[in-house]
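Please examine the structure shown below. The account that follows treats a helix, a sheet and a pocket in turn.

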Amino acid sequence: MSTIDVDDLLPNERVKQAVLSGDITQLTRGASNRYAEEGDTFAIEDETFEVTSVDHRTLGDFTDADAQREGSESLDAYKARMKRVHPGDFEWDDSDEVLTYRFERQN
């Protein structure tokens with residue numbers, strides 16, 4: 001368990017603010033890089049968050065509940081957002097491997 005740089009895990013200020021407000025409680029990134037381990041902590045402003053799990057999955061494993069934890073209203077909305085924020089030839093492929101990081105604010 002260690003303290004990680006929030007910028008390594010969370011890609012931009014909008015995501016950081018959504019985590020801070022509680023709208024995002026998990027984030028999924030490509031499996032080629034591991035950005036955190038379970039038990040790691042990070043800070044946004046004066047708030048500390050702990051990574052509670054890191055799960056290796058595929059995009060096909062995603063559910064509406066996952067999409068909601070990532071700040072989207074549904075899986076379809078999440079897929080559309082991923083296409084918008086990943087420029088170029090991004091296509092949702094159910095077999096793509098990803099890592100899902102869940103985190104909680106510490107008391």
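Contact here means that heavy atoms lie within 4.5 Å. The model is predicted, and the description begins with helix α4, which spans residues 75-85. What covers the buried residues of α4 includes α2 (13-21), β1 (26-30) and α3 (64-69). The buried residues in question are L75, Y78, R81 and M82. They lie on the same side of α4 because they cover an arc of only 115 degrees around the axis. On the other side of α4, D76 and R84 are exposed.

The strands come next. Strands of a sheet pair through backbone hydrogen bonds, in either a parallel or an antiparallel manner. In this model, four strands build an open sheet with the order β1-β4-β3-β2, and their pairing is antiparallel. The antiparallel pairing of β2 with β3 (residues 47-58) runs over four bridges, and A43 stands opposite T48 in β3.

Which residues lie closest to the centre of the largest pocket? This pocket has a volume of about 430 Å³. Its lining comprises 21 residues, of which T28, Y78, M82, V85 and H86 are the closest to the centre. The elements that contribute two or more residues to the lining are α2, β1, α4 and β4 (97-105). Among the residues closest to the pocket centre, Y78 and M82 also belong to the buried set of α4.

Definitions and conventions
Residues numbered from 1 in each chain as written. Predicted model: local features only at pLDDT ≥ 70, side-chain atom pairs only at ≥ 80, totals over all residues. Heavy atoms only, no water. Buried < 20%, exposed > 50% of the residue type's maximum accessible area, 1.4 Å probe, protein only. Arc of directions from axis to C-beta. Pairing = 2+ DSSP bridges. 1 Å grid on protein atoms, 1.4 Å probe; cavity = no way out; pocket = protein on both sides within 12 Å on 5 of 7 lines; lining within 4 Å. Points joined across faces, edges and corners; volume = space filled by probe spheres on them.
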